[in-house]
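Please keep the sequence and the model at hand while reading.

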Amino acid sequence: MGKVIVIASGKGGVGKTVAVSNIAVALAKLKKKVLIADIDIGLRNLDLYMGVEDVIVYDIMDVIDSSCDIEKAIFRFPKYGNLDFLPAAQSVDKDFLEPEKFRELFNKLKNEYDYIIVDCPAGIEKGFKSAIASCDLALLVVTPDMASIRDADKVVNLLNYNGINDVRLLLNRVIPQLIHSGDMIPIDEIIYTLGIPPIGIVIEDVAVLKSQRSKAIVALDSSSEAGNEFNNIAKRLDGENIPITNLSLKAKRNIFKRLFSKKY
């Protein structure tokens with residue numbers, strides 16, 4: 001059976017959707033059969049990154065509600081290999097989402113795919129429980145700033161509370177020069193504060209900004225440092241032993257102690 005990987009974040013604006021699209025394409029490059037499922041109901045953006053925003057007719061809620069067959073809702077991307085996309089709805093009230101229906105759908109789809117990559121709503125809103133309903137592994141996208149880290153800490157606790165203990169940290173938009181100058185939070189400190197192991201460290205890369213306008217995938221650009229790291233993340237997820245480069249200085253262990261509490 002395939003594996004459901006939820007890509008989550010504590011707050012918006014950390015590059016979660018960029019991570020979803022690039023990791024999915026990178027896994028497809030490894031000859032894996034991959035489905036991207038967008039659960040950011042009402043605020044979908046993944047269709048923009050995948051370049052299909054103008055052609056969506058059916059979405060994941062149509063499948064959940066049995067309004068259409070899943071084959072009608074799925075977009076296929078043969079240019080990336082075995083990569084499919086199940087878009088989110090834009091006009092559904094998240095208060096009425098039923099996690100059990102999403103669990104049934106993903107458990108069924110596990111038989112057809114090697115990996116199902118779920119784009120989870122940012123934060124801890126109503127769609128969160130539906131997104132993690134069949135989660136085998138969660139990747140938490142965090143940027144090196146206090147707001148992102150504090151919000152991510154809440155998400156880690158919620159994931160654990162819902163029985164999801166396999167959580168990995170994806171540090172995004174890291175600027176090594178600022179870390180070494182003391183103007184950005186050290187990576188070791190973030191890992192220590194959140195208490196979860198890293199799956200990858202993606203540096204700030206102008207190629208990512210350009211790709212959003214051109215609807216390109218940086219994982220296909222061998223000159224992009226961020227793209228190369230997304231490929232490494234995909235390989236790590238698939239079991240390959242690729243060391244993670246440590247861009248940080250030694251952490252000052254207790255600097256965030258007053259900001260965090262494990263009682264939720």
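S130 is buried, since its relative accessible area is 0%; buried means under 20% relative accessible area, exposed means over 50%, and partly exposed lies in between (1.4 Å probe, protein chains only). S130 belongs to helix α6 (residues 127-131). Helices (H or I, at least four residues) and strands (E, at least two) are DSSP runs, numbered from the N terminus. Apart from neighbours within four places in sequence, S130 is in contact with I39, L97, E98, P99 and F102, where contact means heavy atoms within 4.5 Å.

The model is predicted: local features need pLDDT of at least 70, side-chain atom pairs count only at pLDDT 80 or more, and totals for chains, interfaces and linings use all residues. Residues are numbered from 1 along each chain as its sequence is written, and side-chain values use heavy atoms, with hydrogens and water left out.

**Confidence and overall build**

The pLDDT, which is the predictor's confidence in each residue from 0 to 100, averages 87 over the protein chain, and 89% of the residues score at least 70. Over residues 249-264 the pLDDT is below 50, although this stretch has 30 contacts in the model beyond near neighbours in sequence. Where pLDDT is low, the predicted coordinates should not be read in detail.

The protein chain has eleven helices and eight strands. Of its 264 residues, 55% count as buried. Among contacts between residues at least 6 apart in sequence, 78% join residues at least 24 apart.

**Nonpolar cores**

In soluble globular proteins, nonpolar side chains tend to be buried together. A nonpolar core is a set of buried Ala, Val, Leu, Ile, Met, Phe, Trp, Tyr and Cys residues joined through side-chain atoms within 4.5 Å. The largest such core holds 53 residues, of which I60, F102, F106, I116, V118 and L140 touch the most other members. Helix α7 (residues 146-161) supplies the largest share of this core, five residues. F106 touches V4, A37, I39, I60, I116, V118 and S134, when residues up to four places away in sequence are not counted. A second, separate core of 41 residues includes A24, L139, V208 and A226.

**Aromatic rings**

Rings of Phe, Tyr and Trp (its six-membered ring) pair if their centres lie within 6.5 Å; planes under 30 degrees apart count as stacked, over 60 as edge-to-face and the rest as tilted. By this rule there are two aromatic pairs.

| Pair | Centre to centre | Angle between planes | Class |
|---|---|---|---|
| F75 and F85 | 6.5 Å | 35 degrees | tilted |
| F77 and Y80 | 5.9 Å | 35 degrees | tilted |

F75 lies in strand β3 (residues 75-76) and F85 in strand β4 (residues 83-86), ten residues apart. Both F75 and F85 are buried. F77 counts as buried because its relative accessibility is 7%, and Y80 counts as buried because its value is 12%.

Another ring has a charge over it: the charged end of K33 sits over the ring of Y113, 5.2 Å from its centre. The rule requires NZ of Lys or CZ of Arg within 6 Å of the ring centre and within 35 degrees of the ring normal.

**Cysteines**

The structure holds zero disulfides, a disulfide being a pair of cysteine sulfur atoms within 2.5 Å. The closest cysteine sulfur to that of C120 is in C135, 8.7 Å away, and therefore too far for a bond. C120 is buried, with a relative accessible area of 0%, and C68 is buried at 10%.
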